[in-house]
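This briefing goes through a protein model by topic. Please have the sequence and the coordinates open while reading.

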Amino acid sequence: MCGLNFLSFFTVVAYVSAASAFLLGNWGVNDTVSNCRNLERKRSGVPNALASSPVLMQFWQPELRRRCGFVHSPKCGQPTRHICTDPEQMSGKELCPGACSYIASDPFFPCVGACVPSENCHMAGPLGTFPEPTRRVCTKGPILGCARYDQHNNQTWSRCTECVMHFELTDNGDCSYEMHHSRWLLVGLLAVAGLIILGSLPRIFFDACLAREGNPSVLKIARAHRERCLASQNGYHDPSQKFKLFPLWSTNMHKAEVAGAGLNMYYNFLMFLLVVSLLTLGVVALVQWAAGTPEWLRTQLKGTCTFTSVNAIGEGARQLGDVHTWCQWGLCFLWLLLFAASLIFVGLQQRSFRYIDESTSLMADFGLRVDGLPSDAFEAELEEYFRGHCGLQIVGVSVAYDFSGNVDLVERLIDRHLLEKDLSWWELAGMNNDRLKSRDQEKGLFSEGRIRAFLQALKGSGTAFVMFPTVADREAFDRRLVEGQLPLLRGQCRLTFGAPRCEPMNYLWKNLATTTLQSIRNVVKAFTVMLLACLGLGFIIYYPAWHYFVGRAKTSGDAQGDWATYVFGLIIAIGNGILYLVVYAGSTHMAFQRKGKRDVFNLIGSAIIAWTNTAFMLALQALAVQATRGDFEMQHNSERLVREELFRVLCADNLWYMLVPGILIVPDIAYFFYKYQLSLVSSIKYWVTIPLWPIYYSKALRADPNITPWAAERAMEPPPMQLEFDYSNAIFIVSAAFLMLFFGTGPMMDVCIILFSWVLVTYFLQQYSHLRKLKVGEYTSLALSHSASVLWGVPLSMVACASANYARLSAGTANPSLPIVAFVLALISYWLAVAVVLVIVPSRCFQADTDYWTAQQELKYDFFNTNPVHVLKTLHLSQGSPLVYFMRGKEYLQRQRNGKMSLPNSAKACC
């Protein structure tokens with residue numbers, strides 16, 4: 001009820017605000033149009049008697065149309081409207097005073113010109129810098145890059161006095177391109193790259209096409225491992241067993257247990273975006289049908305003046321006011337609709353996750369996390385404490401150790417352990433091939449005494465996990481904890497308990513011992529590196545783009561989109577992908593204790609980068625268009641409204657060229673084939689030899705006779721699932737599409753259709769990739785879903801911002817504060833409403849319908865065989881029964897464990 005009351009209150013406030021803005025906008029536009037019409041009639045010399053009679057005005061207006069000239073006497077430097085349908089008919093000799101006998105035409109509004117002196121022709125922008133002496137009009141000059149001309153020998157205008165950006169003024173009055181040397185640098189780099197490729201082609205062709213496979217048996221095993229990393233219904237518990245993949249199109253991605261409940265939540269999010277695109281398309285189509293688009297907009301952009309009567313521009317301003325009012329109210333309704341739909345979706349996500357959690361048994365359901373342990377408190381003492389002093393039934397205790405300074409050594413020991421278990425399996429299976437011969441190559445030389453000394457010297461991180469046989473046992477412990485019946489450890493250590501919060505495979509065990517000071521140091525270091533990388537890559541992308549678009553606009557006066565705009569949109573998408581990798585690399589050095597936190601950081605960081613690129617992209621196009629505007633300042637509101645609308649339409653055209661297909665279409669399709677379908681990185685490693693002696697050399701896997709099984713398996717593994725970047729990309733695509741809501745109903749319709757198609761195609765491409773091409777991962781929490789719901793507030797608030805912007809245009813004000821305030825208020829309101837929904841609708845219950853042993857046999861992993869140091873201690877220090885470290889793609893190695901013998905101190909586990 002609290003959530004419903006909140007929504008009702010906020011809806012009433014929104015409607016009252018929108019109604020106020022609507023009334024203010026209508027009053028402002030009507031007053032503006034009325035005043036403008038009266039001024040135009042007065043200045044054009046139309047008698048009041050004729051102006052009040054439509055019949056008599058029909059005889060007056062043809063007289064205005066028959067002559068080509070200004071509607072009233074022009075003044076020097078002041079923009080004045082004319083009624084010439086063809087600007088070529090205008091002549092400064094006939095229409096302008098002698099002191100300013102040149103006509104500078106407005107580059108945006110062809111119905112406006114100004115009488116200027118010859119030296120002020122730059123007022124017309126790049127297309128009017130040259131004073132043409134015959135007709136005395138400002139046109140495009142003969143010197144490329146010249147901003148101002150000077151009279152030479154008092155006869156011809158052949159000397160430049162000022163050049164535009166990226167051009168240098170020479171002594172003889174010409175403009176020279178200042179960055180011509182960069183062309184030679186680019187040609188040199190391309191030549192060197194071409195020579196390297198040509199020199200490498202023979203070896204690449206031989207290894208890829210002519211050479212035999214260097215070690216066929218190892219490659220066969222690596223291919224089998226690649227298949228075992230995919231999502232399977234039988235879990236690959238036997239390497240000789242034929243895997244059973246999920247059905248491709250009949251699998252319900254909203255309920256099937258493919259990679260945890262987090263994957264189901266992601267597909268729910270895609271369905272939500274599909275609903276959003278349909279609702280947006282419906283509302284925009286309704287607004288388009290009701291408001292329409294003024295026919296004179298496109299005609300004006302082509303350079304033809306269609307306002308050939310005195311009051312035509314007032315009528316045009318009135319049409320704009322009607323369109324803006326419809327857009328204002330339509331987008332306000334759309335925002336309210338999407339606001340309610342978003343809150344409903346958040347609640348449904350909570351319920352859906354709870355339903356899936358109740359129907360599955362996870363390791364986290366049977367455990368508790370313990371913090372505040374002494375560094376010398378290990379398994380034996382803790383098990384004695386919980387069993388003996390507390391009288392509890394537990395499966396065991398898994399202590400997290402502090403090996404942050406020896407991560408490489410622990411990983412090498414785990415790799416050797418897995419290799420030996422893997423080789424033993426194939427040896428028992430009777431497989432005598434090159435894989436067995438490579439045993440000594442891969443396991444390395446490790447002294448058993450050194451390993452024992454290293455493991456015995458490790459200290460605890462202060463964290464451990466206590467596992468209970470059933471959920472009822474865990475709840476009994478919770479009750480005793482609440483009642484204060486637990487004694488202090490060693491009589492002095494007070495422990496803190498909490499839910500594990502994620503599955504054991506999602507814990508980053510090497511980071512559990514990281515202190516707060518170390519975490520701050522790592523965060524500062526990683527942020528610095530990421531910031532420098534983002535700034536460097538942003539400079540590499542945006543400086544050439546700014547150089548091209550703004551320089552081209554100032555030089556040629558042409559700011560409309562071309563092939564370079566398409567390419568730049570694609571480059572931005574590629575840059576986003578590279579920056580995503582930078583964010584991911586930075587997250588691995590921030591000492592997150594759980595993979596879920598790292599995923600959330602990647603999601604937020606990549607979303608911020610995408611939005612920043614979007615802002616730069618929009619600003620760049622606005623700067624390019626602004627460079628062609630000239631120095632015209634409209635004196636009347638009707639003229640200003642029309643001119644600003646023409647500016648917005650031109651910006652919308654450029655933005656469209658950049659979004660379609662460079663950002664909204666091509667990148668996702670190319671990424672699907674590059675990473676999923678072709679697995680380009682793995683394919684290059686497999687087929688291509690890179691012989692760059694002595695800098696770098698990499699031999700193709702298929703032609704390498706010395707390739708080892710472990711190296712081949714690692715190189716040929718499929719790429720992992722990364723839902724955090726999928727969420728980020730989806731939110732970025734919607735944000736980029738919603739930008740077009742600011743530029744009229746025409747672009748809105750087209751982008752909504754593309755957005756709907758994008759969501760539909762992405763859904764099926766992602767389903768194919770997750771079931772057939774990607775390494776399965778564990779997404780068992782709501783962390784990503786909650787973060788995506790919070791970030792969704794940004795594109796949602798863009799709708800409210802667009803509605804407020806149309807209210808501003810309807811009111812005829814240039815103050816941008818109203819859209820900004822609307823965006824902030826809408827975002828804060830949404831976040832508060834989401835917080836209320838998350839409190840009202842619970843998600844996780846931490847319940848299981850089986851016992852620990854049944855769940856462990858099904859999942860194959862637990863808090864013991866995913867703890868690397870714990871596994872090594874069972875192998876080298878005989879602390880409990882020997883374990884096999886759990887890794888995706890090698891589940892079959894867990895069959896070497898004999899039932900409960902895999903758990904430490906299994907003799908006590910039954911007590």
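Of the contacts in the protein with a separation of 6 or more, what percentage is accounted for by residues 24 or more positions apart? The figure is 75%, where contact means heavy atoms within 4.5 Å. The model is predicted, so local features need pLDDT of at least 70 and side-chain atom pairs count only at pLDDT 80 or more, while totals for chains, interfaces and linings use all residues. Residues are numbered from 1 along each chain as its sequence is written, and side-chain values use heavy atoms, with hydrogens and water left out.

**Overall make-up**

- The protein has 30 helices and 15 strands; these are DSSP runs numbered from the N terminus, with helices being H or I of at least four residues and strands being E of at least two.
- The protein has 911 residues, and 54% of them count as buried.
- Buried stands for under 20% relative accessible area, exposed for over 50%, and partly exposed for what lies in between, using a 1.4 Å probe and protein chains only.

**The four-stranded sheet**

- Four strands form an open sheet in the order β11-β12-β10-β13, and the pairing is antiparallel; two strands pair if DSSP finds at least two bridges between them.
- From one strand to the next, the twist averages 25 degrees.
- Helix α10 (residues 379-389) packs on this sheet and touches β10, β11, β12 and β13.
- The direction of α10 makes about 140 degrees with that of β11; axes are lines fitted to C-alpha atoms, for helices over the stretch in contact, and angles run from 0 to 180 degrees between N-to-C directions.
- In general, the strands of a sheet pair through backbone hydrogen bonds, either parallel or antiparallel.

**Strand β12 and its partners**

- Strand β12 covers residues 459-467, and eight of its nine residues are buried.
- Strand β10 (residues 367-371) runs antiparallel to β12 and is joined to it by five bridges.
- R369 has F465 of β12 as its bridge partner.
- Strand β11 (residues 396-402) is paired with β12 through seven bridges, also in the antiparallel sense.
- Opposite G396 stands M467 of β12.

**Helix α10**

- E379, L382, E383, Y385, F386 and R387 are the buried residues of α10.
- G391 follows α10 and has a positive phi, near 65 degrees.

**Helices α16 and α17**

- Helix α16 (residues 516-556) packs with helix α17 (residues 563-587) at an angle of about 175 degrees, and their axes are 10 Å apart.
- α16 is therefore roughly antiparallel to α17; angles under 35 degrees count as roughly parallel, over 145 as roughly antiparallel, 65 to 115 as roughly perpendicular and the rest as oblique.
- Residues making the contact include A526, M530, L537 and F549 of α16, and F568, I572, L579 and V583 of α17.
- By class, this contact has 18 nonpolar, three polar and no charged residues.
- In that classification Ala, Val, Leu, Ile, Met, Phe, Trp, Tyr, Cys and Pro are nonpolar, Asp, Glu, Lys and Arg are charged, and the others, Gly among them, are polar.
- G577 lies in α17 and is partly exposed, with 31% relative accessibility.
- G577 and Y671 are 94 residues apart along the chain, and their C-alpha atoms are separated by 9.4 Å.

- Helix α28 (residues 852-859) has Y852, W853, A855, Q856 and L859 buried.
- These residues lie on the same side of α28, because the arc they cover around the axis is only 165 degrees; the arc is that of the directions from the helix axis to the C-beta atoms.
- Most residues other than glycine have a negative phi.
- K860 belongs to the loop between α28 and α29 (868-876) and is buried, at a relative accessible area of 13%.
- S878 is a residue other than glycine with a positive phi, near 55 degrees.
- S878 sits in the loop between α29 and α30 (906-909) and counts as exposed, at 59% relative accessibility.
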